[in-house]
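Hi,

Here is the structure I promised to pass on.

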Amino acid sequence: MSKLKSIIILSIIAVLIVALAVFTFMPLNQGELGIYNFHSISGYIKLGFDLKGGAYVVYDVSALEGEDTFTEANVNATVLRLQELLKKEGYNEATVSVETFGSNKRIRVEVPDVEDTDYLLELLGNPAEMAFVAQGYEGNYKEEGNEAYYFLSGKDVESAGVTLDPNNSSYYAVALSFNEEGTKKFADATTASVGKSISIVIDGETVSSPTVNEAITNGQAIITGNFTFDQAYQLAMSIQSGAFNVKLDSIDSGAVDATLGSNALRQALIAGAIGICIVMIFMGLVYRKLGIVANIALIIYVLLYMLALAILPFMQLTLPGIAGIVLSIGMVVDANIIIFERMKDEFHSNPGKSLENTIFPQGFKKSYSAIIDGNITTLLGAAVLWIFGTGEIIGFAMTLIVGVVLSFFTSIFVTRMLLNLILPFDRKNYRAYGLITREGVDL
Amino acid sequence: MTFSLSDAVKKYDFVKRFWIWFAIPLAIILIGVIVGLVFGPNIGMDFTGGTSIEINLNGNFSEGDDTYKAFYNDVQEILNNNGIDATVRRAESNRDTIVRIEYKKIVDDMQTVNAKLNTELRGAYKQYFTGDEAENIKFTEKTSPSVSETLARAVLAICVSAVVMLIYICIRFNWRSGLSAVITLVFNALVMIAMTVICRIEINLTFIAAVITIIAYSINGTIVIFDRIRENLKKAAHAEGKTYLCDIANSSIRSSFTRTVFTTFTTLVPITVLAIIGVVSIQEFALPIIFGLLIGIFSSVFIAPALWVLLSGEKLVSKSNDKNAKA
């Protein structure tokens, strides 16, 4: 590669780096970038809720009344329902995840940016168990020692809302809409119960017992009970949140302060920057030109990392995640050190050989195995953490995984490319490349 | 003027005094056990379960507000009188100021303790704030069938990660390297735990994550050296005369010493800075990792290779070594 070509490519790379750096860290406002109001790329990084603050609820999952077990599909349907419910209430950034403990399952709901745990818990914390009971009608569940049969439960409900009480317009009522299966069940039951009453039972208490005049086939039902608007709304929300395919018991809930998080983030960033600077000085002193190459590669790595964090949809930055980033940076530098030490070995066993043709390529080739081993073991560790971990720890595992994958790419391609680019300027000076000293720093 | 590690390292016999080096982590583990038994390890709420109390002050009070400060002090006093070591935090919701208290389970039956606390807190609340004290003070138990499960799961995760590393090294190298690497790993984990107990750092789920991370990370240092050993073994197969495994181990350690030290150093520096500057919760995570890195490099050099030699059935000192020692 000629010097000219090198200069051109290096300049392009320099411009790209600066541009990426600017886009990553500086928000640009309307005027500067034309139409768009662009937050910096780093502004798009989703903060885990231990950094942002918010509320969380953890549920234990068990089978609904009258069923023995629940299936994977039930759990997934419940997760979707919860997500819809949260979105409907305006919590767009809430996350719902499933945790498995052997044969037990748990559902964890994290809602960042909400201080009022009370409201959230009311929304989610008291899923009402609803059942429709008909006397003498054979449904899918019979309560012991009772003539009554439950033939419909919360999971047959598509939606619940508030409407005016049809019998008395000064009161409100809850309007239920059943899904396909529920509609059929309801039609069958009402057909069989014409002239009799059907009781609506919520959390074990009979709320109302209307008489069935005719079969209801359109899948709509109204629960009346002389409710005020608030009462009707509460009930509708409870039914809606209780309309899950599994039974949810809240076993843990709480809130995290936001201020704790933003301090932590700021300090961690400062610490990270200082750490990186020290490492870069070290590399420059010990490995000279090679070190400078490694430092540039490190800068590119950090920028790419920020980009990945912002772009990947499932990435959330948690507090341990910051430690994960720091470790990943350590790994990238490690990989470069391994390569450079190999190059030194090559040089010492074949002094005088060409940098371009022998020493550099051999150095790379012989260090692949060690780098790959190192990265794979870290990846395996992160995988274990991902599988067994919860909440924050999964955030940490993800930052490690992203870090490892990126470091593969950076230490093998980027370092090599940069080396090839600076070679034309100096093909022979072994000392300038830091290859002469055996160990330690040559002062 | 050159400062060179190589002169010091070139002649040093890393493998010979294995039993002495081995005693050091052993001693640390022992101290850790003693401290743990005497003072009790500082086990976090993830494992013990606990209670959290949320007190809604029914209005907006700034941190400097006198009423708020007085109430806050009362709360602290109540907690102290009941012998409860709790974290007390303040939060702002849209309308109201909220005081949050969290503490671990201290006795098996927290009912009486919590009931007493409840009464006292209500009393204090009535003095300063309007609003129904019963409604505004909320107790939540972090229930514990989950707790023993959590512990079991954590231990399982650690074991799984160790086994995974074992399998990986057995595939990439051989079973002797695998076994010596994993024994070293187990030692690293135990030393990490011991040092964390000695320093009274809270043991939470994030600590377990740190242990697993170190298991995955510190094995790299060991791999570097075993990689060299493998290379040197190949060379030795073509060489004349008998080669002793302990000599191979030593020369492998020597030639990769720089690499081992530098790579650990460059990882240690950013994490140390993080531990110095970071908030407490980051420190709780960073410090155990630092312990792990330190014991990791120590054991990669002084423990794993020697174990490998022993497992291969050879002695730690060869005849040729002995001759040099005399001279």
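**A helix and a cavity**

Keep in mind that this is a predicted model. I started with helix α5 of chain B, residues 111-128: at 1.5 Å a residue, its 18 residues should span 26 Å, and the end C-alpha atoms are 26 Å apart, so the two agree.

Which residues of α5(B) are buried? They are B:Val113, B:Asn114, B:Leu117, B:Asn118, B:Leu121, B:Ala124 and B:Tyr125. These residues cover an arc of only 140° around the axis, so they sit on the same side of α5(B). The spacing makes sense, because an α-helix has 3.6 residues a turn and residues three or four places apart point the same way. On the other side of α5(B), the exposed residues are B:Thr112, B:Thr119, B:Lys126 and B:Gln127.

Searching the whole structure turns up six cavities of 30 Å³ or more, and the largest cavity holds about 320 Å³. Its lining is made of 23 residues, and those nearest the centre are A:Asp334, B:Tyr217, B:Asn220, B:Gly221 and B:Thr263. The largest share, six residues, comes from α9(B).

What is the lining like by class? It has 10 nonpolar residues, 12 polar ones and one charged residue.

Cheers

Key. Residues are numbered from 1 along each chain as its sequence is written. Chains are lettered from A and ligands numbered from 1 in the order in which they are written. This is a predicted model: local features need pLDDT of at least 70, side-chain atom pairs count only at pLDDT 80 or more; totals for chains, interfaces and linings use all residues. Side-chain values use heavy atoms; hydrogens and water are left out. On a 1 Å grid over the protein atoms alone, a cavity is a set of points where a 1.4 Å probe fits but cannot get out, and a pocket is an open set with protein on both sides within 12 Å along at least five of seven lines; lining residues have an atom within 4 Å of a point. Grid points are joined across faces, edges and corners, and a volume is the space filled by probe spheres set on the points. Helices (H or I, at least four residues) and strands (E, at least two) are DSSP runs, numbered from the N terminus. Ala, Val, Leu, Ile, Met, Phe, Trp, Tyr, Cys and Pro count as nonpolar, Asp, Glu, Lys and Arg as charged, and the others, Gly among them, as polar. The expected span of a helix is 1.5 Å times one less than its number of residues. Buried means under 20% relative accessible area, exposed over 50%, partly exposed in between (1.4 Å probe, protein chains only). The arc is that of the directions from the helix axis to the C-beta atoms.
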